[in-house]
Amino acid sequence: MAAPLYTTASGLLFHAGKILILTVGLPARGKTHISRALERYLRWMGVKTQVVSLGDYRRKTLGGTKKLPPDYFTLGEKSPETMGLRKMVSDGCEKLIEDFFEAGGQVVIYDANNGSRTTRQALAEKYDKQGIHVIILESVCDNKEIIETNIRNVKISSPDYRGWDPDKAVEDYYGRIRDREKSYETVEETTWPFIRIINVGEKIMVNNIRGYLQSRIVFFLMNIHNRPRMIYFARSGQSLIEHSYKADSDLSPAGWEYAERLKEFVVERRAKSLEQRGFDPNDRRLVIWTSTRRRAHHTAWPFLTPTPSTSIPQLPLAATAPPQSAVARNVVTTDEAGELTETKATADSPLKVKVIEKTQMSEINPGVWDGLTPDQARKFYSEEWARFVKDPYAFRAPRAESYHDLSVRLEPILIELEREKEDLLIIGHSSVIRCLLAYLIGLPASEIPAIEIARGDLLEVVPTSYGVHSQAFHFWDGPGRRGEGVDGDGDQEEGEVGKSRRDETNFYENYAEDTKGKKRMTAMDLGLLSPSIREGGGWAMADGT
């Protein structure tokens, strides 16, 4: 969470007051996807935000579709039992909204159809009298492909249709949509500020949006989509000089081997995942983001070679461009954002790749602690060390960055992450991956420094409407797996071959410490997080060998 650097007595940020966002739209129009994505972003900004889902509350209190009265979703006159159940659900959701605001919450996103002009007007007037700013968020979708995909991927997998035949579930849900269409009233009133999103990000209309926080909400919604994609995270390969932030050293021989193995495993794993989802891997492009540090973007070079290299490229430390033998027939250009990109220029390989170097993705700056071991930092900077141990997220060493500083620096990357529609591989430094992963999964700020990102693990994150589904795959056991040190010649110290030890002289980048005194969190530990944190996502550990 990149919380602002100030607090207020009320706990409300940006002088924005309390905000209630009422979603409006027919079923399967992406309201839940938009609501959950916005909740994740606002929480990252430090804004206390909660999604109140009428559908989730109804399923929790009443059960699935088969447990509801036959006239629950149909039009026309309803039985007294049905009217009582529907009122109980709506009253329960409103109670959740009021309780969250009373507990100090700032933004509530009410995820419901709200298709009746009378109903949403009554809700808006009720909360406006309480001094709460009301925004109407309407999701309109006339793209049949998006609707069909949303129904099949999200709706029929919900508890409403547990145990149903998929085709019958789709038919039943389309019937529910047809009934809603007959009574649906689009947002035309201008009494309240409103945002209209067409085809989940294809087009956006706004009316009477005011203030910084409301503008940030609109800015975020302009950059989201719900196209199926996969996001992969992997650390860069081992470099010749692992212990120095200032030394922008090249990959070690083991680092080049790691890069080749990473390419092989990503291509294999991605193809398997795409085929399971009904996609052809050859029809989709893989975008790779790296930092501008040599060890990061050099780890991506094997993805640009037509065939796997038979030998490890030997590059001088001062090399700034790949030799022709190492990366053949690639085009280096500058994109619209002024960032260096490398794209595949031949048809020798079916793999479609675009590599982009991003300056914001450089690792955290350790300042005067660069090259120090924990014992040395404790000895020479005892006061700073005590503050670091107390709060590793907010602490900033002299002339260094804190994890909060890094999170703020990475915010443009988060927006681009939401905007990216292609499959994405992020080859980065452990500190950067911690922040990006915490954003996607929804971890609190205090846990960010505690996530251990091991070299040799590939993290696969698949965004869904209710959050993310995540898995970790192990594919590498060579040198550098757990921060093995190398000397200036790239050789391991005597007696350390095959052993795993942490590179203590780079602890500010790799040191994972939990502020609450727990052990550091690994990819396996993330699998034990409660579903409430990850909004239904799951972690699993697999062996890639």
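Me: Before we get to the aromatics, what makes two rings a pair here, and how far apart can the centres be?
Reply: Rings of Phe, Tyr and Trp (for Trp, its six-membered ring) pair if their centres lie within 6.5 Å. Keep in mind that this is a predicted model.

Me: Ok, which residues do ring pairs link into a cluster?
Reply: Y258, F265, F473, F475 and W476 are linked into a cluster that way.

Me: And how many aromatic pairs turn up in the whole structure?
Reply: A search of the whole structure gives 15 aromatic pairs. Take Y258 and W476: the ring centres are 5.6 Å apart and the planes sit at 85°, so that pair is edge-to-face.

Me: Where in the chain do Y258 and W476 come from?
Reply: From distant parts, 218 residues apart. Y258 is in helix α8 (residues 253-276), while W476 is in the loop between β14 (467-474) and α15 (507-510).

Me: Are those two buried or exposed?
Reply: Both Y258 and W476 are buried.

Me: What about W369 and F388, what's the geometry there?
Reply: Their planes are at 90° with the ring centres 5.6 Å apart, so W369 and F388 are edge-to-face. That pair also links distant parts of the chain, 19 residues apart: W369 belongs to the loop between β11 (353-357) and α10 (374-380), and F388 to helix α11 (residues 382-390). W369 and F388 are both buried.

Me: Which arginines lie over a ring face?
Reply: R86 lies over the face of Y72, 5.0 Å from the ring centre. R176 does likewise over F73, at 3.8 Å from the ring centre.

Me: Switching topic to the fold. How many helices and strands are in the chain?
Reply: The chain has 17 helices and 15 strands.

Me: What's the strand order in the six-stranded open sheet?
Reply: β2-β3-β1-β4-β5-β6, with mixed pairing. The edge strands, β2 (49-53) and β6 (203-207), each pair on one side only. From one strand to the next, the twist averages 15°.

Me: Give me one pairing in detail. In which sense do β4 and β5 pair?
Reply: In the parallel sense, over five bridges, between β4 (residues 133-140) and β5 (residues 194-198). L137 stands opposite I195 in β5.

Me: And what packs on that sheet?
Reply: Helix α2 (residues 54-62) does, touching β2 and β3 (107-111), with its direction at about 60° to that of β2. Helix α3 (residues 80-102) lies across β1 (19-24), β2 and β3, and runs at about 165° to β3.

Me: On to the inside. Which residues touch the most other members of the largest nonpolar core?
Reply: I21, L42, L213, F220, L221, F233 and W289, out of 72 residues in that core. Its largest share, nine residues, comes from helix α14 (residues 430-441).

Me: What is I21 in contact with, leaving aside neighbours within four places in sequence?
Reply: I21 is in contact with L38, V107, V108, I109, Y110, I135, L137 and I217.

Me: What does the second, separate core include?
Reply: It has 23 residues, among them L262, L351, V353 and V355.

Me: Back to L213, F220 and L221. Which residues of α7 are buried?
Reply: L213, Q214, R216, I217, V218, F220 and L221. Helix α7 (residues 212-221) is mostly covered, with seven of its 10 residues buried.

Me: How many residues of β12 are buried?
Reply: Six of its six, for strand β12 (residues 423-428). D423, L425 and I427 point one way from β12, while L424, I426 and G428 point the other way.

Me: Which strands pair with β12, then?
Reply: Strand β7 (residues 231-235) runs parallel to β12 and is joined to it by five bridges. Strand β8 (residues 286-290) pairs with β12 in the parallel sense too, over five bridges.

Me: Who faces I426 on β12?
Reply: I426 is the bridge partner of F233, and W289 stands opposite I426 too.

Me: Last one: what share of the chain is buried?
Reply: Buried residues make up 56% of the 545 residues. As for contacts between residues at least 6 apart in sequence, 72% join residues at least 24 apart.

Conventions. Residues are numbered from 1 along each chain as its sequence is written. This is a predicted model: local features need pLDDT of at least 70, side-chain atom pairs count only at pLDDT 80 or more; totals for chains, interfaces and linings use all residues. Side-chain values use heavy atoms; hydrogens and water are left out. Two strands pair if DSSP finds at least two bridges between them. Helices (H or I, at least four residues) and strands (E, at least two) are DSSP runs, numbered from the N terminus. Axes are lines fitted to C-alpha atoms, for helices over the stretch in contact, and angles run from 0 to 180 degrees between N-to-C directions. Contact means heavy atoms within 4.5 Å. Rings of Phe, Tyr and Trp (its six-membered ring) pair if their centres lie within 6.5 Å; planes under 30 degrees apart count as stacked, over 60 as edge-to-face and the rest as tilted. Buried means under 20% relative accessible area, exposed over 50%, partly exposed in between (1.4 Å probe, protein chains only). A charge sits over a ring if NZ of Lys or CZ of Arg is within 6 Å of the ring centre and within 35 degrees of the ring normal. A nonpolar core is a set of buried Ala, Val, Leu, Ile, Met, Phe, Trp, Tyr and Cys residues joined through side-chain atoms within 4.5 Å.
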